[in-house]
Number of protein chains: 2
Amino acid sequence: MSQVLRIRVVQFEVLPGRPRENVDRMLESVARAREAVRDAVVFPEMAVPGYLLGDEWERPAFLRECEACGELLREASRDIVILFGNVGLDWHKHNEDGRVRKYNACFVAAGGRFLGPEGGPYPFVIKTLMPNYREFDDSRHFFDTRKLARELGCTVESLIAPVRIGDWRVGAMLCEDGWDTDYGVSPLRILAAKGVDFLVNASASPFTFDKNHKRHRVFTAAAAAVKRPVVYVNKTGIQNNGKTVFTFDGSSCVYDGSGNVLEGPAAFEEGTLDVDLPRAGTGFFGGPVPPVRDNIATLAKALLYGTERFLRQCGADRVVVGASGGIDSAVVASLYRQILPPDQILLVNMPSRFNSGTTIGLARALAANLGCGYVEVPIEESVRLTQRQLDGVEIAWPGKKRRLGLTDTVMENVQARDRVARVLSAMAAAFGGVFTCNANKSELTVGYTTLYGDLGGYLANIADLWKGEVYALGRHLNTHVYDEAVLPEGVFTVTPSAELSAAQAVDEGKGDPLVYPYHDCLFRSWVESWNRVTPEEILEWYQSGVLEPRIGWDGRIGELFATPAEFIADLERWWNLYQGLGVAKRIQAPPVLAVKRRAFGFDHRESQMGARYTERYQALKRGQTGAGGS
Amino acid sequence: MSQVLRIRVVQFEVLPGRPRENVDRMLESVARAREAVRDAVVFPEMAVPGYLLGDEWERPAFLRECEACGELLREASRDIVILFGNVGLDWHKHNEDGRVRKYNACFVAAGGRFLGPEGGPYPFVIKTLMPNYREFDDSRHFFDTRKLARELGCTVESLIAPVRIGDWRVGAMLCEDGWDTDYGVSPLRILAAKGVDFLVNASASPFTFDKNHKRHRVFTAAAAAVKRPVVYVNKTGIQNNGKTVFTFDGSSCVYDGSGNVLEGPAAFEEGTLDVDLPRAGTGFFGGPVPPVRDNIATLAKALLYGTERFLRQCGADRVVVGASGGIDSAVVASLYRQILPPDQILLVNMPSRFNSGTTIGLARALAANLGCGYVEVPIEESVRLTQRQLDGVEIAWPGKKRRLGLTDTVMENVQARDRVARVLSAMAAAFGGVFTCNANKSELTVGYTTLYGDLGGYLANIADLWKGEVYALGRHLNTHVYDEAVLPEGVFTVTPSAELSAAQAVDEGKGDPLVYPYHDCLFRSWVESWNRVTPEEILEWYQSGVLEPRIGWDGRIGELFATPAEFIADLERWWNLYQGLGVAKRIQAPPVLAVKRRAFGFDHRESQMGARYTERYQALKRGQTGAGGS
């Protein structure tokens with residue numbers, strides 16, 4: 001390994017919280033790399049323990065097991081270099097929470113020994129930049145280089161150094177270390193100044209819409225800055241933090257120092273990438289960085305991957321889908337049909353008297369097209385029983401009595417809960433599987449869904465898609481995945497409706513109160529903008545006539561709302577729900593499969609505080625309407 | 001204010017996310033302090049914005065409002081010193097997430113100006129120690145002194161300094177700054193070295209069982225170390241992070257430098273504490289630090305406070321309690337009866353054929369004792385309807401049919417969901433209120449509860465109490481709160497049971513599979529120990545004969561399990577549930593009212609990964625039983 005370093009990049013599915021299983025697979029990879037006469041094998045960040053593990057890091061038994069697994073890799077390194085991510089432990093020190101000292105670490109094992117950075121205190125490389133936004137919680141568990149520098153009375157620069165493997169100097173970084181734009185420290189620049197033969201970025205980087213586009217830009221620049229190759233290795237699989245499930249796309253690759261990239265295994269697939277790194281110069285390999293932009297096909301791939309893995313992780317191989325005849329359940333059922341054979345999928349249509357023949361027909365057609373099991377379970381009798389039993393029920397207090405009445409709205413929710421908590425829950429258990437939550441992100445934002453009703457389910461796998469994206473996904477499934485119209489055309493054209501009352505009769509064109517193209521864009525500005533937008537900005541933009549471009553909507557607001565008062569009433573109606581009942585419902589919602597920035601759950605942390613309007617909003621509103629804020 | 005500084009400590013209820021409302025109340029306090037000729041008024045940490053706000057900090061409109069509210073306090077400071085917590089903003093810099101620079105800051109306003117620490121870059125004091133354990137997420141949102149020191153190329157020591165108010169030097173700290181044991185930086189020691197006339201610790205410190213006991217110890221030592229008084233000011237109210245609701249007990253006080261304390265307003269109550277701080281010396285005021293230890297009375301107070309505030313924050317003033325005749329619902333109903341008049345509380349007993357006359361009688365007696373509304377809503381008819389409709393239902397696949405059957409276990413869950421998703425949900429809406437979740441921590445740990453069934457509700461207010469603590473709370477309510485047996489004696493003596501099948505017949509002494517005194521202690525070791533215990537440690541302790549003292553149980557394990565195999569089977573049964581289905585259920589559980597360390601939810605972050613056993617556990621088990629781990 002003098003003039004060329006024969007590296008094997010291993011993109012594999014890391015099982016969170018399963019160090020023994022992961023290390024077994026890593027050892028197999030090492031054996032195969034040895035047979036292929038590679039000099040070094042490179043694994044992702046936290047390849048041994050997994051990365052998003054909640055507070056699993058607080059269990060010493062788990063930490064000891066991770067450490068023991070790392071020892072197995074060290075022992076396997078006698079004749080091959082092994083670079084891998086694991087938790088780095090210092091049992092003699094503690095973190096700032098008083099628990100044992102833990103680092104998010106990159107280990108380089110060679111000749112049966114761990115090699116640390118030149119001059120460093122530990123035989124492993126420490127992650128310096130700790131992401132603490134979105135789903136990331138690194139500084140909750142891991143001590144960082146800056147704190148260590150203070151503790152040791154040295155500089156951060158002295159702690160960040162290449163690892164010397166023979167006469168090669170490797171600049172090992174962990175994930176965020178390569179994304180230094182907003183940090184006061186740049187591991188890349190420190191390593192570049194010290195001189196490296198190549199860089200490795202070992203990542204545990206979840207898929208996010210268009211992340212890889214940005215990554216190509218950032219890492220090409222990094223390779224150009226050091227004029228040396230950058231090896232990027234990322235894991236596949238899924239990991240979750242309870243409320244939110246993330247997919248890891250891998251997409252490992254190697255950047256030469258000249259703007260080219262050698263692509264590795266396909267996204268979401270396991271595989272290896274062999275590259276022979278030159279001893280000097282940038283190397284020329286691969287081709288131009290592709291102008292990758294994610295689209296609905298990428299989303300479909302991530303959703304299918306994440307759903308399949310989560311289902312399997314839950315130990316389930318049968319699903320029940322409540323099939324209303326609308327777009328959401330049709331898309332969900334069609335996604336599952338890519339994952340499971342048709343005899344393991346059951347579609348249940350549960351009509352009450354408000355359900356139209358139109359939607360029942362669509363549910364039937366969908367089931368027939370997919371070849372899935374299908375049954376209609378009318379809920380009319382049980383809903384009437386509930387109404388008969390509870391409407392007018394007499395409550396006794398000492399010395400007085402009172403009758404309770406069920407309003408129309410209550411009866412709407414009774415239907416939704418009857419379908420899910422009574423029928424689907426029992427059907428799923430009887431079928432030996434789980435049932436799905438078909439809520440989309442538009443509904444979830446404003447809680448346009450019933451708790452213990454259609455918000456139930458084991459996983460909300462399209463809940464990171466706005467309604468418009470659900471339609472686009474449906475079209476994509478028909479056109480590019482199934483190559484035929486398995487989703488009946490009617491599910492795209494029928495009025496979106498919960499069909500819970502006569503006011504939501506689809507055959508009369510009545511349905512949801514959401515005007516989807518507009519409200520999708522409005523809600524997106526509240527939820528997904530990095531500096532989050534509130535009614536204050538919305539009203540300001542409306543008054544300045546720039547609302548449409550600011551929220552990325554191609555309609556005309558004047559065509560939806562004739563007057564400012566109408567616009568404001570709509571704005572406040574949805575904001576109140578987003579910040580009020582919507583939060584309460586999301587707290588009890590199923591896990592959301594995240595595919596974009598700011599999925600609900602752990603990525604978008606919320607407090608139940610009620611809706612609120614700033615003073616400036618109130619002033620803008622007074623200027624518009626002459627009335628105070630609500 | 002030359003030889004004595006007349007300080008007023010203001011303990012008040014901070015409304016999270018409501019800067020305008022908070023500052024209005026603070027301005028009133030300032031006006032009253034001015035009338036009372038106080039020199040200075042001191043408010044808690046994050047008194048303006050609130051503290052646990054989820055990702056509210058990402059909204060620039062909210063930040064601008066907080067800043068504007070701080071300006072109002074600055075303006076009010078022309079003739080009085082005002083010390084308060086607020087978000088400190090630097091609009092010209094950014095945090096490491098790319099968003100605007102935010103500090104958790106203590107502002108000192110005097111003479112109409114903000115006074116920063118001597119030689120510091122900002123006109124406010126920055127929180128240095130950032131808690132990132134339990135429910136705390138400070139470093140997600142706030143830039144800290146250590147990062148700032150690096151950015152400015154100066155030392156941390158140069159950034160931590162007293163604030164000079166006239167000829168007084170005030171050492172202002174924020175909450176965790178005073179709890180420096182596990183940190184590499186001690187703001188206290190730095191301030192002491194520079195010389196201060198007194199210290200202020202402005203806190204946003206949630207109530208946790210026995211926290212104040214420790215706080216007295218830590219802060220008395222701090223006062224002794226600087227030989228000057230320490231003013232401790234904490235807020236009241238409740239704040240939440242979605243899944244978990246925290247109470248703030250206030251308990252503000254002033255420590256002289258001689259081991260004495262002057263206690264302020266009662267816990268959980270608003271009020272002020274006036275103290276005249278001497279210009280020199282430690283001062284001698286107050287009395288000896290009380291040997292405060294929390295007990296069931298303290299827990300009751302915190303639970304009543306948190307429940308009352310959360311109910312009010314939800315805008316609800318009526319509750320429906322599913323009253324089974326058991327201890328949990330009896331305690332919940334009795335807590336609410338302290339909060340609401342009896343005509344705003346409705347107890348609903350929902351018998352199926354498995355419910356005994358014993359428990360129905362207990363529910364009736366409880367309602368009568370409390371004077372609440374009461375109704376019995378039998379669920380037998382609807383459960384039978386479900387069974388008739390779904391048991392044997394025929395599913396059609398293209399070319400084949402299959403019938404589904406409902407097992408006894410499914411029928412148990414059908415009953416639980418019928419009660420909650422059908423009856424209580426509709427009754428609560430009809431009654432114009434919310435319904436409660438009566439789950440306790442023992443049940444929640446292992447998911448011994450039905451999703452969309454008894455795990456439903458707007459708030460789980462006793463879900464941070466182990467079953468044994470629920471019994472103790474029930475006794476306390478009878479003896480010390482009501483001074484009569486409002487909880488019928490039978491609820492303490494009846495076999496705990498879900499009464500969902502003949503196998504759970506209480507009159508035959510049959511019931512829950514949990515042996516509460518032992519399992520409470522076992523589960524506590526898994527959930528509440530700081531370095532969390534797993535089956536590995538449990539089995540090791542069992543084999544060493546030290547299990548009972550290690551988990552704090554006063555029974556004898558040999559009396560519960562005749563053989564190691566039985567012990568292990570029980571251990572694995574519950575661990576599998578805790579780490580398996582229990583996690584899935586908790587993800588969809590209602591908010592938990594936290595009163596201890598490690599309440600479920602945001603304080604105890606979990607990932608759905610399934611149960612797992614370490615290699616060492618497997619080895620211990622093999623040694624014990626000769627068989628491999630499951």
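A residue counts as buried if 20 or more other C-beta atoms, placed from the backbone, lie within 10 Å of its own, as exposed if there are 12 or fewer, and as partly exposed in between. The structure is a predicted model, in which local features need pLDDT of at least 70, side-chain atom pairs count only at pLDDT 80 or more, and totals for chains, interfaces and linings use all residues. Residues are numbered from 1 along each chain as its sequence is written, and chains are lettered from A and ligands numbered from 1 in the order in which they are written.

**Exercise 1.** State which residues of helix α4 of chain B are buried, and what they pack against.

Solution. Helices (H or I, at least four residues) and strands (E, at least two) are DSSP runs, numbered from the N terminus. In α4(B), residues 145-152, the buried residues are Thr145(B), Arg146(B), Lys147(B), Leu148(B) and Ala149(B). These buried residues pack against α4 (145-152) of chain A, and also against β6 (125-126) and α5 (156-159) of chain B, where a contact requires C-beta atoms, placed from the backbone, within 7 Å. After the helix comes Gly153(B), with a positive phi near 70°.

**Exercise 2.** Describe the open sheet that contains β11, β12 and β23 of chain A.

Solution. Two strands pair if DSSP finds at least two bridges between them. The three strands have the order β11-β12-β23 (chain A), and their pairing is mixed. Because β11 (236-240) and β23 (592-594) of chain A stand at the edges with a single partner strand each, one side of each has no neighbour in the sheet. From one strand to the next the twist averages 25°, an angle taken on the scale from 0 to 180 degrees between N-to-C directions of lines fitted to C-alpha atoms, for helices over the stretch in contact. Next, β11(A) pairs with β12(A), residues 244-249, in the antiparallel sense over five bridges, and Asn240(A) has Val245(A) in β12(A) as its bridge partner. Helix α8 (residues 296-313) of chain A packs on this sheet and touches β11, β12 and β23 of chain A, its direction making about 120° with that of β12(A).

**Exercise 3.** Work out how chains A and B are related.

Solution. Copies are superposed by least squares on the C-alpha atoms of residues with pLDDT of at least 70 in both. A rotation of 180°, with 0.0 Å of shift along its axis, superposes chain A on chain B with an RMSD of 0.0 Å. The two copies are therefore related as by a two-fold rotation axis. In chain A, the C-alpha nearest this axis belongs to Gln588(A), 2.1 Å away.

Methods
Two residues are in contact if their C-beta atoms, placed from the backbone, lie within 7 Å.
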